[in-house]
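Hi,

Here is the structure I promised to pass on.

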Amino acid sequence: MVDTETHLKKFQKELSAGTVSLVLLAVLARSDEPLYGYQIAKRLEQTGDPLLGGKQSALYPVLRNLSGAGLAESHVEPSVSGPPRRYYRITTLGRQVLAEWAGSWRTTRDSVDSVLEGNLK
Amino acid sequence: MTAVLPRSIPEYLDQLRAALRGADPALVQDALYDAEEYLRSELAANPGMAEADLIASVASSYGAPDEVADIYRDTEVQVTRALRAPPPPPRASASGRFFGVASDPRAWTALFYMLLSVATGIVYFTAVVGGASLSGGLALTIIGIPVVILFVGLVRVLSLVEGRIVEVLLGERMPRRPVYASRELPWLERIAAMFTDPRTWSTMLYQLLMLPLGIVYFTVAATLGALSLGLGLGGLAALLQGFGLPMGELEFNGGVIDGPGGAAIVMLVGTLLFFVTLHLARGIGRLHGALAKQLLVKTSQQ
């Protein structure tokens, strides 16, 4: 049997590089209250596998990235269970960017689907 | 390298630290902090579960230490590429390299850091000297211990603040999270750890150094900046006056500035000096960034 797993892994890694930011921003946009890393990870767990087999530790650097780019803002609150937690909340800029990203995602998804389903002449 | 599965949170963090060996120390500090937040939240969410079982389940959701290390290494490369302003295109000619410094934001922010450092230097120096003498004086009394703890805490907060300033203005990657401290130890040992941690001392050394360094940086930046601007603009004004433009009360006569030729030379010298100042600021910025990294971050991981 030819080993296809490495190809799958590589593909998933490249694919998720962009979608993780989109998914995280969407989770933050849907939440009324600021969320911290662990909460976001658990919310994503309920929706299936948006990380495409990736590990949840990948979320933290991306969250920091979003915050660094001004799409999310963050603050630290002490916690009883461990180190102080960093809570994230989406910014106005983040919402605008999310709308554009979502549009771009839908366009890509539709065109990829139509190619896969053979709707080409 | 697949080590034995860790059985406790400190073991997990130790393995993660080992797996990240050789990575940027600031990245290591952030990765350890994130992992601890996740692990402790997981522990709090599953009260009945044994720590070893919990770590085993975390290895498949959060990732085993090796995997986490790889993820942080990869993401760091992507993030730095995406977030940092692209470096200015390299210039081939010597004059391009000399004047190109003006389009490098790093040179301008480093110049600003040099001007700012006298203020931050005074704050750090005062905090360390004041805190140390207060702690020393009160050490004999019962309120000495809380004062010492507050003092070390203040030193750490200021260290994190300085890290942010250095990263933004000088471009040296610094930690975005406080250093990981073991929460398992009894409080007396944690206080002892504050004093045996070389980072506590190197941080205080850095904060003391910041006063003389800040004064030197400020003096150099202010003197060279004022001198080059004065020469450049003064030369320009004299030149314009030489062409018959009214300059109000200003009068240029005598010395080298007499005549359009002298004025042009003065203006040229001022302009060149300004570019030299920018080069100097960028160089000092790099050196100071390395110093901050060494004293504020690296000593904690040796």
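**What I found**

Going from the N terminus, chain B runs α-α-α-α-α-α-α-α-α-α. That is 10 helices and zero strands, where helices (H or I, at least four residues) and strands (E, at least two) are DSSP runs numbered from the N terminus.

Some housekeeping before the rest. This is a predicted model, in which local features need pLDDT of at least 70 and side-chain atom pairs count only at pLDDT 80 or more, while totals for chains, interfaces and linings use all residues. Residues are numbered from 1 along each chain as its sequence is written, and chains are lettered from A and ligands numbered from 1 in the order in which they are written.

**Chain B**

Chain B has 302 residues, and 32% of them count as buried. Buried here is 20 or more other C-beta atoms within 10 Å of the residue's own, exposed is 12 or fewer, and partly exposed is in between, with C-beta atoms placed from the backbone. Among the chain B contacts with a separation of 6 or more, 75% involve residues 24 or more positions apart; a contact is two C-beta atoms, placed from the backbone, within 7 Å.

Is B:V152 buried or partly exposed? It counts as partly exposed, because B:V152 has 19 C-beta neighbours inside 10 Å. Leaving out residues up to four places away in sequence, B:V152 touches B:M194 and B:T200. Its C-alpha is also 9.1 Å from that of B:F195, 43 residues apart along the chain.

**Chain A**

Chain A has an open sheet of three strands in the order β1-β3-β2, with antiparallel pairing; strands pair if DSSP finds at least two bridges between them. At the edges are β1 (35–36) and β2 (72–77) of chain A, each pairing on one side only. Two bridges join β1(A) to β3 (residues 85–90) of chain A, and A:Y36 stands opposite A:Y87 in β3(A). Helix α3(A) packs on this sheet, touching β2 and β3 of chain A, and its direction makes about 115° with that of β2(A). (Axes are lines fitted to C-alpha atoms, for helices over the stretch in contact, and angles run from 0 to 180 degrees between N-to-C directions.)

Then there is helix α4 (residues 92–116) of chain A: it has 25 residues and reaches 36 Å from first C-alpha to last, close to the 36 Å expected, the expected span being 1.5 Å times one less than the number of residues. α4(A) is hardly covered, with two buried residues among its 25. Just after α4(A), A:G118 takes a positive phi of about 75°.

**Where the chains meet**

How many residues does each chain bring to the contact? Chain A gives 18 residues and chain B gives 24. On the chain A side, α2 (37–46) and α3 (59–68) of chain A are the elements that give two or more residues, and α3(A) gives the most, with six.

**The cores**

A nonpolar core is a set of buried Ala, Val, Leu, Ile, Met, Phe, Trp, Tyr and Cys residues joined through C-beta atoms within 7 Å. The largest has 41 residues, and those touching the most other members include A:L24, A:L59, B:L16 and B:A31. Helix α2 (residues 25–45) of chain B supplies the largest share, seven residues. A second, separate core of 30 residues includes B:Y124 and B:L295.

Cheers
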